[in-house]
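Here is a short report on how this chain packs. The sequence and the model come first.

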Amino acid sequence: MRLLSLEVQNYRNICAARLEPGRELTVICGNNGQGKTNLLEAIWLLTGGKSFRGGKDAELVRRGEAFAVLEAEGCEPAEPAHIRMTVGTPEAAKPGRYAAVNGAAPKRAAALAGSFPAVVFDPGHLSLVKGAPEGRRKFLDAALCQLYPGYLTVYRRYLRALQQKNALLRRAPAGQ
């Protein structure tokens with residue numbers, strides 16, 4: 001999907017903003033603390049992923065506000081798509097992240113996985129080259145969740161089975 005526009009309200013330090021990326025290249029520039037990375041993070045959230053910067057949902061909402069709204073217009077090869085995501089603080093009437101695609105009833109934001117693929121490289125990703133294999137595996141798993149929506153379900157089942165196996169091994173008597 002190609003991003004045609006993004007509107008952000010009450011997101012981190014951004015009260016309201018609209019981004020219309022160029023067809024070929026978009027350069028976002030500004031002083032430190034102006035919200036450049038926040039715009040990129042907002043696009044990433046529309047993939048159904050968590051923030052690539054970490055943090056809780058409450059940290060994604062502008063101080064003093066109950067929720068943030070992200071709306072994007074995209075163009076899939078065959079048809080346009082409208083994605084709306086709300087992020088509510090724990091005090092909001094509807095806390096958490098919810099998304100709607102083309103007006104469909106809101107679902108958990110994780111349901112967006114695979115519908116709007118994106119890849120983010122930030123300075124922390126230098127560990128992909130320099131660091132341990134675990135970082136590369138996590139990065140590839142995240143990319144596969146984007147490309148193949150069914151992978152997320154299988155991956156979660158695998159992680160649950162792995163946790164159960166490790167818990168059983170910790171309880172086993174020594175020497176067995």
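**Core.** This is a predicted model. Its largest nonpolar core holds 23 residues. Leu-6, Val-8, Tyr-11, Leu-46, Leu-70 and Met-85 have the most contacts inside it.

Take Met-85. Beyond its neighbours within four places in sequence, Met-85 touches Leu-45, Leu-46, Ala-68, Val-69 and Leu-70, among others. Its contacts also include Arg-97, Tyr-98, Ala-99, Ala-109 and Leu-112.

**A loop residue.** Thr-89 sits in the loop between β4 and β5 (96-101). Is Thr-89 buried or exposed? Its relative accessibility is 6%, so Thr-89 counts as buried. Leaving aside neighbours within four places in sequence, Thr-89 is in contact with Ala-58, Val-61, Glu-65, Ala-66 and Pro-95.

**Helix α4.** This helix has 15 residues, 133-147. At 1.5 Å a residue, α4 should span 21 Å. Its end C-alpha atoms are 21 Å apart, which agrees.

Which residues of α4 are buried? They are Asp-141, Cys-145 and Gln-146. These residues cover an arc of only 145 degrees around the axis, so they lie on the same side of α4. Leu-140 and Leu-147, on the other side, are exposed. The cover over the buried residues of α4 includes α1 and α5 (149-171).

Technical notes. Residues are numbered from 1 along each chain as its sequence is written. This is a predicted model: local features need pLDDT of at least 70, side-chain atom pairs count only at pLDDT 80 or more; totals for chains, interfaces and linings use all residues. Side-chain values use heavy atoms; hydrogens and water are left out. A nonpolar core is a set of buried Ala, Val, Leu, Ile, Met, Phe, Trp, Tyr and Cys residues joined through side-chain atoms within 4.5 Å. Buried means under 20% relative accessible area, exposed over 50%, partly exposed in between (1.4 Å probe, protein chains only). Contact means heavy atoms within 4.5 Å. Helices (H or I, at least four residues) and strands (E, at least two) are DSSP runs, numbered from the N terminus. The expected span of a helix is 1.5 Å times one less than its number of residues. The arc is that of the directions from the helix axis to the C-beta atoms.
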